[in-house]
Amino acid sequence: MQIEITPDKLRYLIKCGAALAQNIPEKSLITYCGFHKQQIIDFSEKMRRELDTSGLDM
């Protein structure tokens with residue numbers, strides 16, 4: 001599957017994902033969203049690198 005989103009929507013996903021991980025107790029994340037804290041962090045870091053590579057500011 002390939003999904004295209006605007007830079008603003010990508011920023012939203014990255015920032016909100018990181019904020020979510022910080023505000024929900026770590027042991028509850030898997031129940032709340034189906035991902036462990038490290039998975040959320042890894043995804044956010046990957047997306048930030050994609051933005052940097054594309055020359056888009058976070």
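**Entry 1: the model.** I noted that this is a predicted model.

**Entry 2: the helix pair.** I looked up two numbers, because two packed helices are described by the angle between their axes and the distance between the axes. I took helix α1, residues 7–23, and helix α3, residues 37–53. Their axes come within 9 Å and cross at roughly 155 degrees. Angles over 145 degrees count as roughly antiparallel, so α1 is roughly antiparallel to α3. I also checked the hand: α1 passes α3 in a left-handed crossing.

**Entry 3: who meets whom.** From α1 I listed L10, R11, I14, G17, A18 and A21. They meet I40, S44, M47, R48 and L51 in α3. By class, this contact has seven nonpolar, two polar and two charged residues.

**Entry 4: I40.** Is I40 buried or exposed? I found a relative accessible area of 11%. Buried means under 20%, so I40 is buried. I40 sits in helix α3. I left aside its neighbours within four places in sequence and found contacts with G17, A21, L29, C33 and F35. I then looked up I40 and L20, which are 20 residues apart in sequence. In space, they are 9.0 Å apart, C-alpha to C-alpha.

**Entry 5: S44.** I moved on to S44, which also lies in helix α3. Its relative accessible area is 8%, so S44 is buried. Which residues does S44 touch, not counting residues up to four places away in sequence? I wrote down I14 and A18. Both I14 and A18 are in α1.

Note on methods
Residues numbered from 1 in each chain as written. Predicted model: local features only at pLDDT ≥ 70, side-chain atom pairs only at ≥ 80, totals over all residues. Heavy atoms only, no water. Axes fitted to C-alpha atoms, helices over the stretch in contact; angles between N-to-C directions. Helix = DSSP H or I, 4+ residues; strand = E, 2+ residues; numbered from the N terminus. Parallel < 35°, antiparallel > 145°, perpendicular 65-115°, else oblique. Left-handed = near helix turned anticlockwise from the far one by under 90°. Contact = heavy atoms within 4.5 Å. Nonpolar A, V, L, I, M, F, W, Y, C, P; charged D, E, K, R; others polar. Buried < 20%, exposed > 50% of the residue type's maximum accessible area, 1.4 Å probe, protein only.
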